[in-house]
Amino acid sequence: MSPFVAKKTMKKAMLFGMLTALGGSLIGVSPAYAATAMTVDLSSVIGPVTHSAAGSLYGVIESQPDNNLILPLHAKAFNNPAVSGYQQPWGAAIPVAQKLAGTGSQVSIRLADWFTGWYDYSNLTDWFNKLTTTVNAVKSAGLTNVYGYELWNEPDGTWKGKYVGGLDYSDSYVQFTVNAPSTKAYTMTIRYANGSGASSTHSLSVNGGSASTVTYANTGGYFGTGSAASLNVTVNLNAGSNTIRLTKGSTGYAEIDYIDIAGASPVRYEAENATVNHATVYSSGYASSDSSGNLTFREFFSQTYTKLKQLDSTAKAIGPEFAGYSHNAMLDFMTYQKSQNTVPDISGWHQLGGENFTANFNDYRAIESSLGISARPISINEYSGAAWLNDEGRPGAVAPLIAKFERLKVDTAMQSYWDVPNPGRLGSLLSSSTQRNGGWWFYKWYGDMTGNMVSVTPPDVNSVTSLDGFANVDSSRQYASVLFGGITDGTVNAVIKNFPSFFGSNGSKVHVRVDWTPFVSRSTAVNTTNTLLEGDYTIANNQITVSMSGLYNNDGYRIYITPYGQATNVYEAEYAAVNHSNIASSTNASGGKYVAQMDYSDSYVDFYVKVATTKTYTMTIRYANGGGANATQGIAYNGGPWGTVTYPATAGWGQFSTVNVNVNLTAGDNIIRLAKGTTGYAELDSVTLN
């Protein structure tokens, strides 16, 4: 097993333990019960299509995949290491951002990947040097597609804090040796956790003197859940060395992270370094220790945020990115950041263990509201179903998650990375570095969405495993689509209601095609999707019901709806996969836009077309050639040999004419590429198949 596999295996085991400990956030895996009712309201707009959840962690690296596999997804952002050679040997953010610049995708920079291990942080000076190097390199590169800086990753598991717990016995105590510069009264701050549900006490004695009582308010949990608080007490110290002992009190229990003595040298004294009797030292990402530079994560984040803004005031800080959502941990983190004026620009956490995302999202928004913090964009920078690797890219597992991300307007979400030997596969959407699997086609349908996202009501809004879907309407292109998947009994009734006027009214017909992408495994190539059913439906009571049976829980499905009689054999170039070319506008172009400046050796347009029958089709290409003489483009389909298309001159650029060519297509999905030719230049408006 490679070091990377070992590291991720360790991480997965630790993550499972953390998620289990946060049991209040988890739900059980839904059983395979009937979940057949799904309602789509085409009039209930959520917001513009952004393809927010189409990205992935380490899904794009410097050399792969090819842009032709990236472009159709239209992913808002990908997540990459700040540098290569430490945590990961490839995928550095700057060259990946440069690779993605022409695709419209952004890059979220994972700063913790400066370190080996999980993670081998040493001190703040070294960290600030790494941060400075990264930010200056981004600025020098002139990048405009950086989404933000992820200031740390999974602190609940990776921040190397320690605390003393199990102070449960009459002889349990923690005794600190403190150096004071002079004899006087000092303010001592105790960071503690009290999950007993009521106030707890410790006895406090200084230099063996008489004991006083320290009362700890309930924090809602112990350090293991991310709960913590601080209180101040006054202690009278002598110049030089002093002993401060905290002993189990008469009421309840409390855990101790550290004490701070304002004016002492040093100020902070870690509980695990003190004399500990009949108690236990524990590790926790919510505490501080020598290994963490004597900082809690919330302090580290705040100081890093401040340094980032000094380096680049426009940079977006992302955090805390917990491995699993915890109300207590998030409340403590956000409360502290609010007090320091270092609230993250983009908030986020991971969705990896089958948690109730809807409940967690609503809980987070409630925390913001309670603290008077304006709603932050949310980045779920790693997501997959409860099975992790087996769920990555599997439509039946990711559809219910994407549905919730879209419903709740999550700003970005990236598929996780458990397939350690295979980076650069778009989050397990590729069966090899060059071949698509069934998950890729589902995300391609997601990338096809344009216009506005609209409301979908599933059988259970809280379940992350049972049937759920997400939908869009585009009034300018006059179509709607619904993507869905998840556990059902094999039968789904999709009620689609409140049709926009371009579809017609009651009594009008609409054309419906249900597409189906099969998923066997992430390593199984899928070259085409299937058609489950196709036909015309009559709108009654401003709705239709599309009944489907024989569905599979692993697979993904799309309902594609167009007005009755609308041509489905016309493909606009501006909505195809466009590489190293530009989209231009013109009233002469169908749909008002076309592809121009196909002037480079790597300029091409990939048209994804679907046909019912294997045969030779006549393809009409609508083009413009203002060069005054014949121009050529290369043509290839489905990875076959190249041919040549010749375009006679037109009246000018943006002035269109047509040519016909024959193409041999197979039943199902086909990819037709038109690329920069050897002679002259041409612009593309659309292609039509007959």
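These legends describe close-up views of one predicted model.

Local features in it need pLDDT of at least 70, side-chain atom pairs count only at pLDDT 80 or more, and totals for chains, interfaces and linings use all residues. Residues are numbered from 1 along each chain as its sequence is written, and side-chain values use heavy atoms, with hydrogens and water left out.

**View 1. The protein chain is divided into four parts: domain 1 (36-40 + 450-563), domain 2 (50-158 + 295-448), domain 3 (162-288) and domain 4 (570-689).** These bounds come from an automatic or database domain assignment. An unreviewed UniProt entry lists "domain: CBM6" at residues 133-262 and 569-690. UniProt positions are given in the numbering used here, feature names are shortened, and annotations may be inferred rather than shown by experiment. Residues 133-262 are 10% helix and 50% strand, with end C-alpha atoms 34 Å apart. Residues 569-690 are 0% helix and 57% strand, and their end C-alpha atoms lie 7 Å apart. Helices (H or I, at least four residues) and strands (E, at least two) are DSSP runs, numbered from the N terminus.

View 2. The contact (heavy atoms within 4.5 Å) takes 9 residues from domain 1 and 5 residues from domain 4. The two domains bury about 480 Å² between them, 42% of it on carbon and sulfur atoms. Arg-477, Thr-528 and Thr-529 supply 64% of the area that domain 1 buries here, more than any other three residues. Buried area is the accessible area (1.4 Å probe) that two parts lose on being put together, summed over both.

**View 3. The largest pocket holds about 1,400 Å³ of space.** On a 1 Å grid over the protein atoms alone, a pocket is an open set of points with protein on both sides within 12 Å along at least five of seven lines; a cavity is a set where a 1.4 Å probe fits but cannot get out; lining residues have an atom within 4 Å of a point. Grid points are joined across faces, edges and corners, and a volume is the space filled by probe spheres set on the points. The pocket has 48 lining residues, and Asp-448, Arg-477, Glu-572, Tyr-575 and Ala-576 lie nearest its centre. Elements supplying at least two lining residues each include helix H10 (438-448) and strand S33 (604-611).

**View 4. The second largest pocket holds about 420 Å³ of space.** Of its 21 lining residues, Arg-436, Tyr-637, Asn-638, Gly-639 and Ile-671 are the closest to its centre. Strand S35 (631-637) and strand S38 (668-676) give two or more residues each. S38 gives the most, with 4 residues.

**View 5. The largest cavity lies between domain 2 and domain 3, because both give residues to its lining.** Its volume is about 100 Å³. Among its lining residues are Pro-155, Arg-191, Tyr-286 and Phe-333. Helix H6 (297-311) and helix H7 (327-340) each supply at least two residues, and H7 gives the most, with 3. The lining has 6 nonpolar, 3 polar and 3 charged residues. Here Ala, Val, Leu, Ile, Met, Phe, Trp, Tyr, Cys and Pro count as nonpolar, Asp, Glu, Lys and Arg as charged, and the others, Gly among them, as polar.

**View 6. The second largest cavity has a volume of about 60 Å³.** Of its 14 lining residues, Leu-57, Tyr-417, Asn-422, Gly-427 and Ser-428 are the closest to its centre. By class, 5 are nonpolar, 6 polar and 3 charged.
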